[in-house]
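Please look over the sequence and the model shown here before reading on.

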Amino acid sequence: METLSWAHGRILDWWDQAWLGPPHRERSLLVATVSLPTLVQQPAPADIYQAMLHQRPR
């Protein structure tokens, strides 16, 4: 968990650049929403990160 906290900013930047821009945004958000059931529609990168942290211990 410490490693994820340390890399938080880099993870969000990477998601934003690689997956949340055109042409991948719509599909990436759909996959995140289906994979992480605590998310609301159209989540922000920080929402995806928090949902990932919540799901990780399971």
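The model is predicted. Its chain has four helices and zero strands, and the order along the sequence is α-α-α-α.

**Overall shape**

- The radius of gyration of the chain is 11 Å, which agrees with the value near 10 Å that a compact globule of 58 residues would have.
- The C-alpha trace spans about 30 × 25 × 15 Å along its principal axes.
- Of the 58 residues in the chain, 29% are buried.
- When contacts between residues at least 6 apart in sequence are considered, 41% of them join residues at least 24 apart.

**Helix 2 (residues 8–18)**

- Helix 2, which runs over residues 8–18, has Ile 11, Leu 12 and Trp 15 as its buried residues.
- These three lie on the same side of helix 2, because they cover an arc of only 95 degrees around the axis.
- The partners against which the buried residues of helix 2 pack are helix 1 and helix 4.

**Helix 4 (residues 45–55)**

- Helix 4 covers residues 45–55, and its buried residues include Ile 48, Tyr 49, Ala 51 and Leu 53.
- The buried residues of helix 4 pack against helix 1 (2–6), helix 2 (8–18) and helix 3 (25–35).

**The largest pocket**

- The largest pocket holds about 280 Å³ of space.
- Helix 2, helix 3 and helix 4 are the elements that give two or more residues to its lining.
- Helix 3 provides the largest share of this lining, with four residues.
- Among the lining residues are Trp 14, Trp 15 and Trp 19, together with Leu 20, His 24, Arg 27 and Ser 28.
- Val 31, Ala 32, Leu 36, Ile 48 and Met 52 also line the largest pocket.
- By type, the lining residues are nine nonpolar, two polar and one charged.

How values were computed: Residues are numbered from 1 along each chain as its sequence is written. This is a predicted model: local features need pLDDT of at least 70, side-chain atom pairs count only at pLDDT 80 or more; totals for chains, interfaces and linings use all residues. Side-chain values use heavy atoms; hydrogens and water are left out. Buried means under 20% relative accessible area, exposed over 50%, partly exposed in between (1.4 Å probe, protein chains only). Contact means heavy atoms within 4.5 Å. The arc is that of the directions from the helix axis to the C-beta atoms. On a 1 Å grid over the protein atoms alone, a cavity is a set of points where a 1.4 Å probe fits but cannot get out, and a pocket is an open set with protein on both sides within 12 Å along at least five of seven lines; lining residues have an atom within 4 Å of a point. Grid points are joined across faces, edges and corners, and a volume is the space filled by probe spheres set on the points. Ala, Val, Leu, Ile, Met, Phe, Trp, Tyr, Cys and Pro count as nonpolar, Asp, Glu, Lys and Arg as charged, and the others, Gly among them, as polar. The radius of gyration is taken over C-alpha atoms; the globule rule is 2.2 Å times the number of residues to the power 0.38.
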